[in-house]
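Here is a short briefing for a first look. Have the sequence and the 3D view at hand as you read.

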Amino acid sequence: MSIYHPPRIPASEITPRGIYLKRRDFLAAVAMSGLSILAPDQADAAPLSAKKSGYTVSEKPTPHDDVTAYNNFYEFGTSKSDPMSYSGDFKPRPWAIKVDGMVANPRTFDIDQIMQEYPAEERVYRMRCVEGWSMVIPWQGFPLSALLDKVEPLGSAKYVIFETVVRPEQMPGQNGLFQPLPWPYIEGLRLDEARNPLTILAVGLYGETLPNQNGAPIRLVVPWKYGFKGCKSIVRISLTDTQPKNTWNIVAPSEYGFFANVNPEVDHPRWSQATERRIGTGGFFSSDRRPTLMFNGYAEDVASLYAGMDLRKNF
Ligand SMILES: Nc1nc2c(c(=O)[nH]1)N[C@H]1C(S)=C(S)[C@@H](COP(=O)(O)O)O[C@H]1N2
Ligand SMILES: [Mo]
């Protein structure tokens, strides 16, 4: 019924590397010529130091230029290259994040205060999009549980809601004639999922503050779930006692659920989830297709969260 989130045909999926590489070369040449123009994805980038963590994977990280040029961020448009192309005017500073709802200590944090209070560590995680492609991304971030501890969730709190900024003047996907999604983009987790050590708020990738297209200045990363759970450019985190409605579940309830745990055995109604195409490793004409792992390879860390639940139903 819904036409949202179509699976893409492999050959048409990758923004031809030549196009964005040429563009970057051009911008680099302009920068070297002494003009103060930088590529949009670098405009606000600042080095970010982060200690290594035990969280890594054996696969090679996806090249930086793929992680920052092949994105889903519908606030900037629905094509994979739109977020890189159209997020140059987005301003991730100053930035406030309100944490409220069923907590003893509601607070509004400033992003720089957060980054001081919660030093980033490196987490190299797999990322599996529900559309059937995947990456390996070296994030810098900190456990969401640290922030939750600070605001002291009440005993009655059972879920956490995340909300993306609404800024039509800086986000072209929010002010066109065609609005692909209802705004703000909303996501949610059960409180125990939110507190799992794997769940982080990312503030950087590849050792620099987050590029706008990846959700600057702060976004959610939940590596055992499909990528759409990773709410970008967060302005509000709320604790509640009822399971929230997340954006993709609202627009296409028969295709996207609340849990969205990566599961190769539960197909999307319109395509198989048994395998995935790893971005950036297949070369220009070939494709790197590999089996999808249960819970995206994180079963050991998270399977116990779903004991007694029917995994075929918790899509
Ligand atoms: N606000 C917002 N967050 C979002 C999206 C979006 O369109 N808007 N897309 C989601 C989807 S479908 C995916 S796969 C990931 C992509 O993250 P990346 O572009 O950093 O790889 O972001 C998720 N977070
Ligand atoms: Mo996705």
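A cavity is a set of grid points where a 1.4 Å probe fits but cannot get out, judged on the protein atoms alone. A molecule sits in a cavity if more than half of its atoms lie within 2 Å of the cavity's grid points. Ligand 1 sits in the largest cavity. The model is predicted. It holds 17 salt bridges.

**Ligand 1**

- Ligand 1 is surrounded by 16 residues. Asn-71, Tyr-74, Glu-75, Gly-230 and Lys-232 are the closest.
- Tyr-74 brings a backbone N or O atom to 2.8 Å from an oxygen atom of ligand 1.
- Gly-230 also uses its backbone: an N or O atom there lies 2.8 Å from a nitrogen atom of ligand 1.
- Asn-214 uses its side chain, with an N or O atom 3.0 Å from an oxygen atom of ligand 1.
- How much of ligand 1 does the protein bury? Taken alone, ligand 1 exposes 540 Å², and the protein buries 99% of that.

- Side chains of opposite charge can pair when their charged atoms come close.
- Glu-59 pairs with Arg-278 in a salt bridge, with 3.3 Å between the closest N and O atoms.
- Arg-278 counts as buried because its relative accessibility is 4%, under the 20% limit.
- Glu-59 and Arg-278 also belong to a network.
- Glu-131 and Lys-80 meet in a salt bridge of 3.1 Å, N to O. They are 51 residues apart and link distant parts of the chain.
- Glu-131 sits in the loop between strand E3 and strand E4, Lys-80 in the loop between H3 and helix H4.
- Are Glu-131 and Lys-80 buried or exposed? Glu-131 is buried, at 5% relative accessible area. Lys-80 is buried too, at 3%.
- Arg-270 forms a salt bridge with Glu-255, with the closest N and O atoms 2.8 Å apart.
- Arg-270 is partly exposed at 34% relative accessibility, whereas Glu-255 is buried at 7%.

**A buried asparagine**

- Asn-212 lies in the loop between strand E8 and strand E9. Its relative accessibility is 2%, so it counts as buried.
- A polar atom of the Asn-212 side chain is 2.8 Å from the backbone oxygen of Ser-87.

**Backbone exceptions**

- Most residues other than glycine have a negative phi, and most peptide bonds are trans.
- Trp-183 and Pro-184 are joined by a cis peptide bond, with omega about -5°. Pro-184 is in the loop between strand E5 and strand E6.
- Ala-216 and Pro-217 are also joined by a cis peptide bond, with omega about -5°. Pro-217 lies in the loop between E8 and E9.
- Ala-260 is not a glycine, yet its phi is positive, about 50°. Ala-260 is in the loop between H8 and E11 and is buried at 2% relative accessible area.
- Phe-295 has a positive phi of about 50° as well, and is not a glycine. Phe-295 is in the loop between strand E12 and helix H9. At 3% relative accessibility, Phe-295 is buried.

Methods. Residues numbered from 1 in each chain as written. Chains lettered and ligands numbered in written order. Predicted model: local features only at pLDDT ≥ 70, side-chain atom pairs only at ≥ 80, totals over all residues. Heavy atoms only, no water. Salt bridge = Lys/Arg side-chain N within 4 Å of Asp/Glu carboxyl O. Buried < 20%, exposed > 50% of the residue type's maximum accessible area, 1.4 Å probe, protein only. Helix = DSSP H or I, 4+ residues; strand = E, 2+ residues; numbered from the N terminus. Near = heavy atom within 4 Å. Polar contact = N/O pair within 3.5 Å; in protein donor to acceptor, adjacent residues only side chain to side chain. Areas by Shrake-Rupley, 256 points an atom, 1.4 Å probe, with all protein chains shown as cover. 1 Å grid on protein atoms, 1.4 Å probe; cavity = no way out; pocket = protein on both sides within 12 Å on 5 of 7 lines; lining within 4 Å.
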